[in-house]
Amino acid sequence: MFPRREGLPQRPAPLPALAGALICLVLVKSGFLAPLFLVPLGVLAYSWNSGTAWVSAAFVLLGNGIYTLGTGLFWRRDSGFPAVSSPGELPAAFLQTLPEWLYLTVMVLGFTWLTAPLLRKGRGRRIPAVYRLTAASVAGALAVVPVLRALKNDNGIYQLLRSQAEAAVSLYASSPDAAVQSLLERISPEWILETLGSIALRGGAAASCMALFYFNRQAALILTWFIRKTRPGGGIVRFHTDFWLIWVFSFAFLGVLGGTVWRIPPLEIGAWNILVLCAILYLAQGAGILLYFLSRLAMPPFLRFLVHFLIILVLFSPKVNVFALGALALLGVAENWVPFRALHPNGSSSTPGT
């Protein structure tokens, strides 16, 4: 998907790797900009090479461990690592922070694999980016589960949710709607955590990880264009899924129904995750079809901008966006049988590569 980087260094570049790792760590600790902490790794993968990205990822994990351990032991700031007064307390402190460490490790390694796949020359076949994205998202979702469990025992999070629950109850307490009153009766910190956990287990965590990986990757590609003046090839306009995915999608839907009717939680949860990931891939394919048709229409620049603005407005409009996203996903599913876009000269469809 990204053009070959002719003339760029093939060996890891230590200084860019170290600089990228430092930027990643600053973003991780920044709070507001934390969702963009993976962008520097993508820039290194696309602007330099895979080796530089992997070395930087190792620096990120090492630096995060040193920072967290050092601040917990010496400065005792709010670093996520509990302050300890003796070496004997270190094992318990490590266990308390293990879920967050595991999540960061999985996200960093998964994104680096997505943007800088390692493959020996002449050996093996590179896995398409869309399936690397899916696998990394599943791994990230599994790493989220221990974090959610740890939140239940976090008194600070509990008090924050309690204050939010009380604010919601006081805001809508005078509502005459019976449905609203019934919902308010159930709102509590325990109910909020249980609901968030249920959504996360049933595809919410995997979808969030996939969105995080995707937007960080796109931001890295944009920054790479500014750095190297090289425009990425391909894109969502040419994105196609493989035909066999429709069978996975269908069996996942049946699994959700079967797990719900027969009350088999493991089957229902697993099927929900597969169904959500397949739906996102078909949503991307439907968006590609829409952009393909828009690109073929002869429109003045202002009118093209207006059409794209209206599409974005629809996608972000409450209630309407649900139907719009559903229609795009169905459009992507329909392309399994209806060739909306022209095929390549060799007769095969395009799937994003690297």
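Pro16 touches Leu44, Trp48 and Thr52, residues up to four places away in sequence not being counted, where contact means heavy atoms within 4.5 Å. The place of Pro16 is in helix α1, which covers residues 14-30, and its C-alpha lies 8.0 Å from that of Ser56, a residue 40 positions away in sequence. The model is a predicted one, in which local features need pLDDT of at least 70 and side-chain atom pairs count only at pLDDT 80 or more, whereas totals for chains, interfaces and linings use all residues. Residues are numbered from 1 along each chain as its sequence is written, and side-chain values use heavy atoms, with hydrogens and water left out.

The chain holds twelve helices and zero strands, helices being DSSP runs of H or I with at least four residues and strands runs of E with at least two, numbered from the N terminus. Of its 354 residues, 35% count as buried, a term that denotes under 20% relative accessible area, with exposed meaning over 50% and partly exposed the range in between (1.4 Å probe, protein chains only). Among the contacts in the chain with a separation of 6 or more, 71% are accounted for by residues 24 or more positions apart.

Helix α9 (245-261) has 17 residues and reaches 24 Å from its first C-alpha to its last, close to the 24 Å expected at 1.5 Å a residue; the expected span is 1.5 Å times one less than the number of residues. In α9, Leu245, Ile246, Ala252, Gly255, Val256, Gly258 and Gly259 are buried, and the buried residues of this helix pack against α10 and α12. Just after α9, Arg263 takes a positive phi of about 55°, a positive value in a residue other than glycine. Arg263 is found in the loop between α9 and α10, and it counts as exposed because its relative accessibility is 75%.

Ile274, found in α10, is partly exposed, with a relative accessible area of 39%, and touches Val248 and Ala252 when residues up to four places away in sequence are not counted. Ile274 and Phe249 are 25 residues apart in sequence, yet 7.3 Å apart in space from C-alpha to C-alpha. Gln285, also found in α10, counts as buried because its relative accessibility is 2%. With residues up to four places away in sequence again excluded, Gln285 touches Phe239, His240, Thr241, Gly332, Glu335 and Arg341.

Helix α10 (residues 265-296) packs with helix α11 (residues 301-315) at an angle of about 165°, the axes being 11 Å apart; axes are lines fitted to C-alpha atoms, for helices over the stretch in contact, and angles run from 0 to 180 degrees between N-to-C directions. That angle makes α10 roughly antiparallel to α11, given that angles under 35 degrees count as roughly parallel, over 145 as roughly antiparallel, 65 to 115 as roughly perpendicular and the rest as oblique. In this pair, Leu290, Leu291, Leu294 and Ser295 in α10 meet Arg304, Val307, His308 and Ile311 in α11. The residues of the contact of α10 with α11 divide into five nonpolar, two polar and one charged, where Ala, Val, Leu, Ile, Met, Phe, Trp, Tyr, Cys and Pro count as nonpolar, Asp, Glu, Lys and Arg as charged, and the others, Gly among them, as polar.

The axes of α10 and α12 come within 7 Å and cross at roughly 85°, which makes α10 roughly perpendicular to α12. Here Ala279, Tyr282, Leu283, Gln285, Gly286, Ala287, Ile289 and Leu290 in α10 meet Leu325, Leu328, Ala329, Leu331, Gly332 and Val333 in α12. The residues of the contact of α10 with α12 divide into eleven nonpolar, three polar and no charged.

Helix α12 (residues 320-334) has 15 residues, which at 1.5 Å a residue should span 21 Å, and its end C-alpha atoms are 21 Å apart, in agreement with that value. In α12, Asn321, Ala324, Leu328, Ala329, Gly332 and Val333 are buried, and the buried residues of α12 pack against α9, α10 and α11.
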